[in-house]
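This report goes through one protein structure, from a single residue to the whole chain and back to local detail. Please keep the sequence and the model in view while reading.

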Amino acid sequence: MDLRLTPDLIEIRERSRRFCDEWLVPFEHETEEAGSLSLESYGRIRQAVLDARLNAMNMPVKWGGQGFSILQQVVALEQLGRVTNALWACVWRPAQVLE
């Protein structure tokens with residue numbers, strides 16, 4: 001069994017890692033000090049999530065999501081989970097619904 005990541009999975013991993021390093025890690029101190037993000041900071045992160053194409057990764061493309069498979073989501077969340085204070089939750093994933 002070949003367990004190497006495909007080029008698609010590597011791209012998602014690297015995109016998620018960059019996003020985490022550039023957009024989530026810098027806000028850890030603010031979240032720690034204030035107990036939450038300011039609305040301005042959250043808005044900036046929200047736009048960055050959209051720009052990075054990590055929004056609604058668990059939803060079909062036709063509904064405005066990214067249409068990630070479960071494996072693609074795991075690869076992305078592995079990187080996003082490197083931050084503290086639940087900042088990974090800024091990368092919003094709506095509850096699963098029946099299609």
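Does Arg53 count as buried, partly exposed or exposed? Arg53 counts as partly exposed, at 40% relative accessibility. Buried means under 20% relative accessible area, exposed means over 50%, and partly exposed lies in between, with a 1.4 Å probe and protein chains only.

## Basis of the report

The model is predicted: local features need pLDDT of at least 70, side-chain atom pairs count only at pLDDT 80 or more, and totals for chains, interfaces and linings use all residues. Residues are numbered from 1 along each chain as its sequence is written, and side-chain values use heavy atoms, with hydrogens and water left out.

## Overall fold

The protein has 4 helices and 0 strands, and from the N terminus on its elements run α-α-α-α. Helices (H or I, at least four residues) and strands (E, at least two) are DSSP runs, numbered from the N terminus.

The C-alpha trace spans about 45 × 30 × 20 Å along its principal axes. Of the 99 residues, 35% count as buried. Among contacts (heavy atoms within 4.5 Å) between residues at least 6 apart in sequence, 63% join residues at least 24 apart. The accessible surface comes to about 6400 Å², and 57% of this surface belongs to carbon and sulfur atoms. Accessible areas come from the Shrake-Rupley method with a 1.4 Å probe; for residues, only the protein chains shown count as cover.

## Salt bridges

Side chains of opposite charge can pair when their charged atoms come close. The structure holds 5 salt bridges, each defined as a side-chain nitrogen of Lys or Arg within 4 Å of a carboxyl oxygen of Asp or Glu. One of them joins the side chains of Glu11 and Arg15 at 2.8 Å, N to O. Glu11 and Arg15 are separated by about one helical turn, because they are 4 residues apart in helix α1 (residues 7-24). Arg15 counts as buried at 9% relative accessibility, whereas Glu11 counts as partly exposed at 31%.

Glu11 also forms a salt bridge with Arg53, with the closest N and O atoms 3.8 Å apart. This pair links distant parts of the chain: Glu11 lies in helix α1 and Arg53 in the loop between α3 (39-51) and α4, 42 residues apart.

Another salt bridge is formed by Asp21 and Arg82, whose closest N and O atoms are 2.8 Å apart. Here too the pair links distant parts of the chain, with Asp21 in helix α1 and Arg82 in the segment after α4, 61 residues apart. Asp21 counts as partly exposed at 37% relative accessibility, and for Arg82 the value is 37%, again partly exposed.

## The loop between α3 and α4

Most residues other than glycine have a negative phi, and most peptide bonds are trans. Arg53 has a positive phi of about 55° although it is not a glycine. Ala56 is found in the loop between α3 and α4, and its phi is near 40°, a positive value in a residue other than glycine. Ala56 is buried, with a relative accessible area of 6%.

## Helix α4

Which residues make the nonpolar surface patch of about 300 Å²? The patch is made by Ile70, Leu71 and Val74. Patches are made of residues with over 30% relative accessible area and no salt bridge; like charges are joined within 9 Å, and nonpolar side chains (Val, Leu, Ile, Met, Phe, Trp, Tyr) within 5 Å. Val74 is found in helix α4 (residues 70-80) and is partly exposed, with a relative accessible area of 47%.

Gln73 is found in helix α4 as well, but it counts as buried at 11% relative accessibility. Leaving aside neighbours within four places in sequence, Gln73 is in contact with Met57, Asn58 and Phe68. The side chain of Gln73 reaches the backbone oxygen of Phe68 at 3.3 Å. A polar contact is a pair of N or O atoms within 3.5 Å; within protein, one must be able to donate a hydrogen and the other to accept it, and residues adjacent in sequence count only if both atoms are side-chain atoms.
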